[in-house]
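Here are some notes to read alongside the model, written for someone meeting it for the first time. Please keep the structure open as you go through the points.

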Amino acid sequence: MEPFMYYNPTKLLFGKGHLQKLPKEIKQFGQKVLLVYGGGSIKRIGLYDEIMQLLKDANIEVVELAGVEPNPRVSTVRKGASICKEENVDFILAVGGGSVIDCAKAITVGAKADVDVWDIICRKVRATDGLPYGSIVTVAGTGAEMSLISVITNWETNDKRAWVSSFSRAKFTIVDPTYMTSVPREQTVYGIVDTMSHILEHYFHRADNTQIQDEFLESVLRNVIEVTPKLLNDLTNYEYRETIAFASTIALSDQLNMGFIGDWGTHHIDHALSALYDIPHGGGMAILFPNWMRHVLDEENVARFKRLAVNVFHVNPEGKSDLSIAHEGIDKLASTWQSWGAPMKLRDYEIPEESLPLIAEKTLQTEPNCGYFKRLTEEDVLEILRKSL
């Protein structure tokens, strides 16, 4: 494995009952909170009222930013940053899924910057300060709660960027699966695919002597695959939600990828895709990832694909070539996602073939070094998109 440093100071409060600790956690950092949330589901499930009562009882003042988009936009980030400056907010609380948390991460640095926050997201300017923030997770999938990464879309320029800052690390996160039991089936599937795609991105690396890490990754994948059909047949089941929520959180917490860098090329392609077509990230990954696998698989790297096929998808290797075992594993991944209701083709989102060259071009413009396990050219990306059509 490669030399590494691990540091994740985010306090994780996982499971039932932790919401009651919210005022204590916030008061360590401030008394005036910007509450950031999405389309209103937190009100429908009663979480909004619980939070507001807790903060009122603790004499914590609240201002709100509602309506964060599923692919959060820089215009919303700018609005949040302006509110923070005008209202002298000293803490940001994100309540929702990964999009809300990603938006809050960008607001934290935008609220302390004298430049346009998009310049920070595009890495033209380095963030020098940030407001503290915390999160309450209501949708499992992105793992944004324990990671530095944030993804923001500039819809005016059709540009979507993943960025990081030392100020985008949450002070705490509350992950209580109780608040996930009302998530609809389709959104649940997208979140699970997203979780698995993070683990798979880690899995495709080139480091040696990573047996422990590889077995961690395989174990999480096996458990997600086992639990998901049960959850989809019983969406309100707390224990099933708990397993998926923990898998989502740990997948992007940096604990599973110590000592190596995964690929992430597929994520870069999907960012360019969803910058042009506002599709769910989990849906895009379900379509792209099996086709990325088929495209990059070769005699040199087949051992990694074979291991995944045998150890996770239980492909019987007897009497088969390594390449046929690998392809069988890829087919099992695709059919598993399809059986859960995930989309399999770009045409499912009415994405036209004539747009593919532009998506490929934008992928390499945003991330010239696209992919670590296998470096992708613009033609590679275009071929993966064609296979995905």
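In which helix is K332 found? The first point below takes this up, after a word on the source. This is a predicted model, in which local features need pLDDT of at least 70 and side-chain atom pairs count only at pLDDT 80 or more, while totals for chains, interfaces and linings use all residues. Residues are numbered from 1 along each chain as its sequence is written, and side-chain values use heavy atoms, with hydrogens and water left out.

1. K332 belongs to helix α13, residues 322-340. Helices (H or I, at least four residues) and strands (E, at least two) are DSSP runs, numbered from the N terminus. With a relative accessible area of 30%, K332 is partly exposed; buried means under 20%, exposed over 50%, and partly exposed in between (1.4 Å probe, protein chains only).

2. Look next at what K332 meets. Leaving aside neighbours within four places in sequence, K332 is in contact (heavy atoms within 4.5 Å) with F313, H314 and V315. H314 is 18 residues from K332 along the chain, and their C-alpha atoms are separated by 9.4 Å.

3. Helix α10 covers residues 265-276, and its end C-alpha atoms are 18 Å apart, which agrees with the 16 Å that its twelve residues should span at 1.5 Å a residue. The expected span is 1.5 Å times one less than the number of residues.

4. Is α10 enclosed or open? Twelve of its twelve residues are buried, so α10 is largely enclosed by the rest of the structure. Among these buried residues are H267, H268, D270 and H271. The cover over them includes strands β6 (150-154) and β7 (159-163), along with helices α7 (185-203), α11 (281-296), α14 (356-366) and α15 (378-388).

5. Two of those covering strands, β6 and β7, run antiparallel and are joined by five bridges; strands pair if DSSP finds at least two bridges between them. I152 stands opposite R161 in β7. Four residues lie between the strands of this hairpin, where N158 takes a positive phi near 50°.

6. Helix α7, also part of the cover over α10, holds T195. T195 is buried, with a relative accessible area of 1%. Not counting residues up to four places away in sequence, T195 touches G141, A247, S248 and A251.

7. Finally, Y6 sits in the segment before β1 (11-14) and is partly exposed, with a relative accessible area of 33%.
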